[in-house]
Amino acid sequence: KKIISFLLLVCALFVTSSLYAQEFATKKGDMIVDFGVGFVGGDYNGYHGNYGGTNWTYSSPNKIQVPTLSVSVQKAFWDDITIGGQVAFNIFGNKDDIQQGNGYYQHSKYSQSNLYFLGRGEYHFNRLIGWDKKFDLYAGVLAGSRISSSRETQIYNGWGTGQPGTYRNDYANKTSTSVGPDGGVFGGIRYYFKGNMSVYAEGGFGITAIRTGLAWRL
């Protein structure tokens, strides 16, 4: 009898938990809009330059990065599953002085901007684990394209071949644009601290390793 009573109690708790989870699942028709900032990563191709080698040394590198800014909109076409899109943007750059012992040097500037257009899908686990509606545990995938634009400026000062003294050469600015695939996987959690407004944090392999911001469930 004790065993039967225990089994009935377990079943009752399971059913109660399932019903509770059903109440707070992401339901068909829900919309999720978020604004985020990403850190670490961001698809920086980096500076390559015309000069360098065993007799050259880099000094005073100065790298800059504008964190990845993004916005996404998703809709729950089925319970627990949201699908939508994400747009993101970031900027990278660096300044370098490449020097050689006999007085040669090259000063360079390189900047790169990336614009992402991505499809985004999430699965929400609340209905499976019975969490309160203030929390939203999810995982998902990103897939789409990246448009990268770069600009490179170089100044070289040194000895001219077959010429006495020194000379300076300001290389013509180089610009380029490329388009390629991008995407990744991620997992995260949202905390709805005020009605349908939440803060969230994500981690994974994609545009950036870390992403955080504000989200609204509509």
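## Basis and terms

Patches are made of residues with over 30% relative accessible area and no salt bridge; like charges are joined within 9 Å, and nonpolar side chains (Val, Leu, Ile, Met, Phe, Trp, Tyr) within 5 Å. Helices (H or I, at least four residues) and strands (E, at least two) are DSSP runs, numbered from the N terminus.

This is a predicted model: local features need pLDDT of at least 70, side-chain atom pairs count only at pLDDT 80 or more, and totals for chains, interfaces and linings use all residues. Residues are numbered from 1 along each chain as its sequence is written, and side-chain values use heavy atoms, with hydrogens and water left out.

## Overall fold

The protein has two helices and nine strands. Their order from the N terminus is α-β-β-β-β-α-β-β-β-β-β. Of the 218 residues, 33% are buried (under 20% relative accessible area; exposed is over 50%, partly exposed in between; 1.4 Å probe, protein chains only).

## Nonpolar core

A nonpolar core is a set of buried Ala, Val, Leu, Ile, Met, Phe, Trp, Tyr and Cys residues joined through side-chain atoms within 4.5 Å. The largest one has nine residues: Ala88, Tyr116, Leu118, Tyr138, Leu142, Phe186, Tyr200, Ile207 and Ala215. Strand 4 (105-124) and strand 5 (135-159) each give two or more residues to this core.

## Nonpolar surface patch

Leu128, Ile129, Trp131, Phe135, Ile189, Tyr191, Phe193, Val199 and Leu214 make a nonpolar surface patch of about 750 Å². Helix 2 (126-129) and strand 7 (174-194) each give two or more residues to the nonpolar patch. Strand 7 supplies the largest share, three residues. Trp131 sits in the loop between helix 2 and strand 5. Trp131 is partly exposed, at 32% relative accessible area.

## Salt-bridge network

The whole structure holds nine salt bridges (a side-chain nitrogen of Lys or Arg within 4 Å of a carboxyl oxygen of Asp or Glu). Asp34, Arg120, Glu122, Asp136, Arg190, Glu202 and Arg211 are linked in a network of them. Arg120 is buried, at 2% relative accessible area. Arg120 pairs with Glu122, the closest N and O atoms being 2.9 Å apart. Arg120 also pairs with Glu202, at 2.4 Å between the closest N and O atoms.

Asp136 and Arg190 form another bridge, with closest N and O atoms 3.2 Å apart. Asp136 lies in strand 5 and Arg190 in strand 7, so the pair ties together parts 54 residues apart in sequence. Asp136 is buried at 1% relative accessibility, and Arg190 is buried at 1%.

Arg211 lies in strand 9 (residues 208-217) and is buried, at 6% relative accessibility. The Arg211 side chain makes polar contacts with the side chains of Asp34 (2.5 Å) and Tyr200 (3.3 Å). A polar contact is a pair of N or O atoms within 3.5 Å; within protein, one must be able to donate a hydrogen and the other to accept it, and residues adjacent in sequence count only if both atoms are side-chain atoms.

Phe39 is in strand 1 (residues 31-41). The C-alpha atoms of Phe39 and Ile210 are separated by 5.3 Å, although the two are 171 residues apart along the chain.

Key: Areas by Shrake-Rupley, 256 points an atom, 1.4 Å probe, with all protein chains shown as cover.
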